[in-house]
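Student: I am new to this structure and would like to go through it slowly. Could we begin with its open spaces and then turn to its strands and helices?

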Amino acid sequence: MTVSDFLARLDPETRSTVERLRAIVTSAAPFLAERIKWNAPSFALGDDDLITLGLERRGGVRLVLHRGAKPKDTVDFRFDDPGGLGRWPAPDRGVMVFKDLQAVEATASSLRDLCARWVQHVSET
């Protein structure tokens with residue numbers, strides 16, 4: 001499946017939300033490669049997926065900041081989310097859920113900054 005195929009299957013409201021999140025991630029880190037991974041758009045540096053989108057079962061779109069599919073040692077890993085945008089179930093996994101496009105727009109600037117800092121941080125560690 002391609003990203004275009006994925007988008008074609010979405011209802012218009014969800015598609016708008018996904019496309020806006022994709023644009024934010026792309027503006028934060030234009031050098032990342034976008035592909036479908038885990039049945040949704042994912043942004044990778046080489047073979048390591050760093051930002052992945054997903055559809056919530058009850059509606060909305062999830063954005064996950066992570067360091068790939070395989071668990072990595074988190075003993076010395078630290079990342080700061082000063083705006084508290086994400087829920088952090090692990091030091092190297094941040095999850096944000098956006099109900100709709102308006103929720104994305106309300107945090108767009110902060111989210112772009114968070115994604116840019118995330119990619120820079122994980123590519124340096």
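Student: Which residues lie nearest the centre of the largest pocket?

Tutor: This is a predicted model, in which local features need pLDDT of at least 70 and side-chain atom pairs count only at pLDDT 80 or more, while totals for chains, interfaces and linings use all residues. Residues are numbered from 1 along each chain as its sequence is written, and side-chain values use heavy atoms, with hydrogens and water left out. A pocket here is an open set of points on a 1 Å grid over the protein atoms alone, where a 1.4 Å probe fits, with protein on both sides within 12 Å along at least five of seven lines, and lining residues have an atom within 4 Å of a point. The largest pocket has 14 lining residues, and those nearest its centre are Trp38, Thr52, Arg62, Val64 and Arg93.

Student: Which element gives the most to the lining of the largest pocket?

Tutor: Strands are DSSP runs of E with at least two residues, and helices are runs of H or I with at least four, numbered from the N terminus. Two or more lining residues come from each of β3 and β4. The one that gives the most, with four residues, is β3.

Student: In what order do the six strands form the open sheet?

Tutor: Two strands pair if DSSP finds at least two bridges between them, and the pairing in this sheet is antiparallel. The edge strands, each pairing on one side only, are β1 (33–37) and β5 (87–90). The order is therefore read, with pairing as defined by bridges, as β1-β2-β3-β4-β6-β5.

Student: Which residue stands opposite Ala90 in β6?

Tutor: Strands β5 and β6 run antiparallel and are joined by two bridges. A hairpin through two residues also links β5 to β6. Opposite Ala90, the residue in β6 is Arg93.

Student: Is Thr17 buried or exposed?

Tutor: Thr17 belongs to helix α2, which covers residues 12–28. Buried means under 20% relative accessible area, exposed over 50%, and partly exposed in between, with a 1.4 Å probe and protein chains only. Because its relative accessibility is 3%, Thr17 counts as buried.

Student: What separates the C-alpha atoms of Thr17 and Asp100?

Tutor: Contact means heavy atoms within 4.5 Å, and, leaving aside neighbours within four places in sequence, Thr17 is in contact with Val61, Asp100, Leu101 and Val104. Thr17 and Asp100 are 83 residues apart along the chain, and their C-alpha atoms are separated by 5.8 Å.
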